[in-house]
Amino acid sequence: MAQLVVQDPELVDPLLEIAFEVDDPISSRACWVLEFTAKEHLFYIFPYLDSFVRKLGLVHLDSSVRPIAKICEYLVKSYFSKTDNGIRSALKEHHLEHIATACFDWLISEQKVAAQAYSMTCLLLLGRKFDWIHPELKMILLQNYASGSAAYQARARLTLKKLK
């Protein structure tokens, strides 16, 4: 399916509509296709960034949150990349703020470790731009460390080490 979208980027718009039908289990499949598309052609999402970031907080199915969080990680990593990839002109400060909010929500709610790990990466990077993020991230990681799974603890340790 991602190959179809790669061949016809205009399919991103209806795919996003399906992805954000958040109570429909089929939305998860659309999120997966979006993730695979974004992995190779992140710029296909650029025209839809406003809509994408506004609706991040609506996604709640585990199988949808993970790919959406991964797309956020792709966006944030590209934004902070040293190579000029066009993302800095497409991704505005308010987009980054929406992503930060969603990542904090995923980090403090009952989510699978993968979504939380992607959120940690996003927030670690976003903390370079927004001073308030790193102290909040550190507090949350320390607070949830003892009750987290082994995978959560491993990723939290790595993130905390980078915060020092």
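**Exercise 1. α5 and α8**

Task: Determine the handedness of the crossing of α5 and α8, then classify their angle as roughly parallel or oblique.

Solution. Begin with the model itself. It is predicted: local features need pLDDT of at least 70, side-chain atom pairs count only at pLDDT 80 or more, and totals for chains, interfaces and linings use all residues. Residues are numbered from 1 along each chain as its sequence is written, and side-chain values use heavy atoms, with hydrogens and water left out.

Now locate the helices. Helix α5 covers residues 62-79, and helix α8 covers residues 113-126. Helices here are DSSP runs (H or I, at least four residues; strands are E, at least two), numbered from the N terminus.

Take the geometry next. The angle between α5 and α8 is about 20°, and their axes lie 9 Å apart. Axes are lines fitted to C-alpha atoms, for helices over the stretch in contact, and angles run from 0 to 180 degrees between N-to-C directions.

Classify the angle. α5 and α8 are therefore roughly parallel to each other (under 35 degrees is roughly parallel, over 145 roughly antiparallel, 65 to 115 roughly perpendicular, the rest oblique).

Finish with the handedness. α5 and α8 cross in a left-handed way: the near helix is turned anticlockwise from the far one by less than a right angle, whereas clockwise would be right-handed.

**Exercise 2. Bringing in α7**

Task: Describe how α7 packs against α5 and against α8.

Solution. Two numbers are needed. A pair of packed helices is described by the angle between the axes and the distance between them.

Start with α5. Helix α7 spans residues 93-108 and packs on α5 at about 135°, with the axes 11 Å apart. That makes α5 oblique to α7. Their crossing is left-handed.

Turn to α8. The angle between α7 and α8 is about 140°, with an axis distance of 9 Å. These two helices are therefore oblique to each other. The crossing of α7 and α8 is left-handed.

With a relative accessibility of 43%, E93 counts as partly exposed (buried is under 20% relative accessible area, exposed is over 50%, and partly exposed lies in between, using a 1.4 Å probe and protein chains only). E93 and V76 are 17 residues apart in sequence, and their C-alpha atoms are 11 Å apart.

**Exercise 3. Salt bridges**

Task: Count the salt bridges, then say where the partners R66 and E35 lie.

Solution. Apply the rule: a side-chain nitrogen of Lys or Arg within 4 Å of a carboxyl oxygen of Asp or Glu. The count is 2.

Take R66 and E35. Their side chains form a salt bridge at 2.3 Å, N to O. R66 belongs to helix α5 and E35 to helix α3 (residues 26-40), so the pair links distant parts of the chain, 31 residues apart. R66 and E35 are both buried.

Now take E73 and K70. Their salt bridge has an N to O distance of 2.7 Å. Both residues lie in helix α5, 3 residues apart, about one turn of the helix. E73 and K70 are buried too.
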